[in-house]
Amino acid sequence: MPGSDLMLWLVPAFFAGALLYALVGHGGASAYLAIMALAGFAPAEMKPVALLLNIVVASIGTYKYARAGCFDARLLALFALFSLPMAYFGGTLLLPDAWFKPLVGGVLLFAAWRMLSPALARGDTETKPAPLAGIALSGGTIGFLSGLTGVGGGIFLSPLLLLMGWATTRVTSGVAAAFILLNSLAGLAGYLAHSPLPERDITAWALAVAAGGWIGAEIGSRRIAPHWIRRLLAVVLAIAGTKLALI
């Protein structure tokens with residue numbers, strides 16, 4: 001368990017992580033996992049704490065982006081239909097993750113690079129319906145990885161929607177926020193089916209991520225241009241990919 005001298009920087013670190021991720025509609029779980037890993041938390045404690053903090057930020061993001069009109073209920077419902085059962089199943093598993101971290105990290109780093117492509121600018125004017133088969137396959141896979149690792153799945157869903165042209169940049173952020181909320185709830189439910197929550201007071205951390213999430217979602221949903229959202233998303237993906245590949 002981390003010593004008290006290491007706790008001083010956790011509150012501002014969680015705040016900063018939530019703010020950065022909420023700018024693009026994400027909950028920040030990969031940032032929280034990285035922070036806790038650096039602080040020396042036990043792996044068994046990191047997953048449920050990350051899911052709880054993710055739920056706080058994703059709830060705020062869902063409200064903010066939906067209120068700003070950055071939302072597609074049908075697209076969310078279809079992805080949730082296939083992802084939630086797999087997120088619950090992934091949450092019930094306690095598997096060593098060293099074997100898939102480098103692979104997932106590499107995928108995220110590739111997605112970060114693709115987010116910088118000028119061709120993605122068309123996603124804000126030209127979109128196409130997502131095929132049901134593509135939603136079923138990708139939604140189930142993302143849900144499983146979400147529950148298994150303790151992330152909400154937005155780091156996988158956002159680049160998918162943008163790269164495939166299934167949603168505009170702002171709608172992607174709104175759908176991702178709600179998707180993360182639902183998957184985090186399902187993953188936490190799966191975790192609680194076999195393990196209790198850690199005996200740790202996370203009130204200060206929850207307040208920190210709530211503040212960061214509120215500010216980030218407000219800026220991301222209304223006050224920042226779509227091309228900057230894509231660039232910020234590339235940064236978020238690069239941070240998450242590097243964390244998964246190296247930590």
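With a relative accessibility of 1%, Y65 counts as buried, where buried means under 20% relative accessible area, exposed over 50% and partly exposed in between, with a 1.4 Å probe and protein chains only. The model is predicted, so that local features need pLDDT of at least 70 and side-chain atom pairs count only at pLDDT 80 or more, while totals for chains, interfaces and linings use all residues. Residues are numbered from 1 along each chain as its sequence is written, and side-chain values use heavy atoms, with hydrogens and water left out.

The chain holds 10 helices and 0 strands, these being DSSP runs numbered from the N terminus (helices H or I of at least four residues, strands E of at least two). Of its 247 residues, 53% are buried. Among contacts (heavy atoms within 4.5 Å) between residues at least 6 apart in sequence, 88% join residues at least 24 apart.

Y65 lies in helix α3. Leaving out residues up to four places away in sequence, Y65 touches A22, L23, V24, G25, C70, R170, S173, G174, A217, G220 and S221. Y65 and G220 are separated by 155 residues in sequence, yet their C-alpha atoms are 8.3 Å apart in space.

Two packed helices are described by the angle between their axes and the distance between the axes. Here the axes are lines fitted to C-alpha atoms, for helices over the stretch in contact, and the angles run from 0 to 180 degrees between N-to-C directions.

| Helix pair | Axes come within | Crossing angle |
|---|---|---|
| α3 and α9 | 9 Å | roughly 30° |
| α4 and α8 | 8 Å | roughly 25° |
| α6 and α7 | 9 Å | roughly 155° |

The axes of α3 and α9 (residues 203-222) cross at roughly 30°. That makes α3 roughly parallel to α9, given that angles under 35 degrees count as roughly parallel, over 145 as roughly antiparallel, 65 to 115 as roughly perpendicular and the rest as oblique. The crossing of α3 with α9 is right-handed, a term used if the near helix is turned clockwise from the far one by less than a right angle, and left-handed if anticlockwise. Y65 takes part in this contact, and the residues of α9 that α3 meets include A217, G220 and S221. By class, the contact of α3 with α9 has 13 nonpolar, 4 polar and 4 charged residues, with Ala, Val, Leu, Ile, Met, Phe, Trp, Tyr, Cys and Pro counted as nonpolar, Asp, Glu, Lys and Arg as charged, and the others, Gly among them, as polar.

For helices α4 (residues 73-91) and α8 (residues 169-192), the axes cross at roughly 25°, which makes α4 roughly parallel to α8. Their crossing is right-handed. Residues of α4 including L76, F79 and S83 meet residues of α8, among them F179, L182 and N183. The contact of α4 with α8 has 14 nonpolar, 5 polar and no charged residues.

Helix α4 has a kink of about 35° centred on A80, the bend at a residue being the angle between axes fitted to the seven residues ending there and the seven starting there. A80 is one of the buried residues of α4. The buried residues of this helix pack against α3 (43-67), α6 (132-149), α7 (154-164) and α8.

Helices α6 and α7, with axes crossing at roughly 155°, are therefore roughly antiparallel to each other. Their contact is made by S138, I142 and L145 of α6 and F156, L157 and L160 of α7.
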